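Work through the two exercises below with the structure in view. Each task is followed by its solution in steps.

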Amino acid sequence: MLNGTGVKIFTGTSHPELAEIIARRLGLPLAKADVTKSGIGETSVRIAESVRENDVYIINTGCGAVNTSLMELCIMIHACKIASAKRITAVVPLFPYARQDKKDKSRAPITAKLVANMIQKAGCDHVITMDLHASQIQGFFDVPVDKLFAEPSSILYIRTHFDLQNVVIVSPDAGGAKRATSIADRLGVDFALFHKERKKANSVSRMVLVGHVKDKVAILIDDMADTSGTLCLAAHHLTEAGVAKVYAIVTHGILSGDALENIEKSVLEKLIVTNTLPQKENQAKCSKIEVIDIGPVLGEVIRRSHYGESVSKLFHEVPY
């Protein structure tokens with residue numbers, strides 16, 4: 001709970017629902033800002049209250065029209081900067097362009113670095129994000145980056161909804177092995193992983209399962225589900241390997257294209273996502289989607305950041 005002195009929380013148009021949850025957690029109203037779009041798609045921002053010498057937090061996530069969200073964020077940061085805000089923090093639960101984090105082909109751009117430069121140049125002093133697709137993105141910034149994890153919330157969900165004696169944690173690819181083993185170790189359960197070969201960027205050709213899963217409840221762990229092709233294919237392979245049930249827990253439920261249809265048809269019992277992106281519409285369209293609320297975690301980080309307290313405690317436990 002903040003006593004309201006010198007803290008302003010603004011939201012863009014990408015996820016006002018999450019901003020409301022965070023503001024409620026802190027006991028503050030959302031600060032007023034008018035964000036409008038012109039006929040040719042230009043974003044216009046008017047900060048409707050004084051931010052002079054205030055600690056400002058701007059919440060906007062990389063979803064839907066990602067480019068619009070990013071421009072809104074940069075323009076709002078700039079507007080607060082030239083209105084004499086003391087410190088400006090960008091709260092970006094899903095970092096835009098996080099998958100373009102390295103030069104994987106000739107002449108490929110490192111767009112995540114470009115986005116980091118844009119946010120900094122706009123006048124940002126501090127960034128709060130969650131489950132970055134690649135940790136090196138923190139190094140693209142010259143300002144402090146607090147990278148939060150959905151892991152404590154996922155562990156709490158698993159502990160409260162599953163019998164741990166029958167659980168096996170599965171990573172759908174080798175890249176996510178570290179994330180999945182960390183959860184498996186903290187729960188004291190077994191771990192398995194898939195080795196996958198891709199023909200092109202977001203389509204998988206072949207998957208090989210490594211580990212024992214027969215007659216267990218398999219929980220797939222990943223950082224994001226976009227088209228959900230990998231998750232559905234992994235779930236299918238797990239069923240063939242003799243698991244009793246398959247669930248999936250994902251931090252960022254992007255769920256683009258035919259993702260919802262694929263999930264509904266798949267052998268997954270449930271896809272559990274966090275609300276780093278708006279999920280109301282997805283839940284209405286697909287009965288298998290369940291949401292973990294990470295609003296309280298972001299709210300607590302903002303409170304700790306404002307009062308200069310340590311944030312590292314939240315890497316391992318969920319605030320109550």
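Contact here means heavy atoms within 4.5 Å. Helices are DSSP runs (H or I, at least four residues), numbered from the N terminus. The model is predicted, with local features needing pLDDT of at least 70 and side-chain atom pairs counting only at pLDDT 80 or more, while totals for chains, interfaces and linings use all residues. Residues are numbered from 1 along each chain as its sequence is written, and side-chain values use heavy atoms, without hydrogens and water.

**Exercise 1.** Describe how helix H1 and helix H9 pack.

Step 1. Find the residues that meet: Leu-18, Ile-21, Ile-22, Arg-25 and Leu-26 in H1 touch Gly-295, Pro-296, Leu-298, Gly-299, Glu-300, Ile-302 and Arg-303 in H9.

Step 2. Sort the residues of this contact: seven are nonpolar, two polar and three charged. (Ala, Val, Leu, Ile, Met, Phe, Trp, Tyr, Cys and Pro count as nonpolar, Asp, Glu, Lys and Arg as charged, and the others, Gly among them, as polar.)

Step 3. Take the geometry: H1 (residues 16-26) and H9 (residues 295-307) pack at about 55°, their axes 8 Å apart. Therefore H1 is oblique to H9 (under 35 degrees is roughly parallel, over 145 roughly antiparallel, 65 to 115 roughly perpendicular, the rest oblique).

**Exercise 2.** How many disulfides are there?

Step 1. Apply the rule, a pair of cysteine sulfur atoms within 2.5 Å: the count is zero.

Step 2. Check Cys-124: its nearest cysteine sulfur, that of Cys-74, is 9.0 Å away. Cys-124 is buried, because its relative accessibility is 4% (buried is under 20% relative accessible area, exposed over 50%, partly exposed in between, with a 1.4 Å probe and protein chains only).

Step 3. Check Cys-232: the nearest cysteine sulfur belongs to Cys-286, 9.4 Å away.

Definitions and conventions:
Axes are lines fitted to C-alpha atoms, for helices over the stretch in contact, and angles run from 0 to 180 degrees between N-to-C directions. Helices (H or I, at least four residues) and strands (E, at least two) are DSSP runs, numbered from the N terminus.
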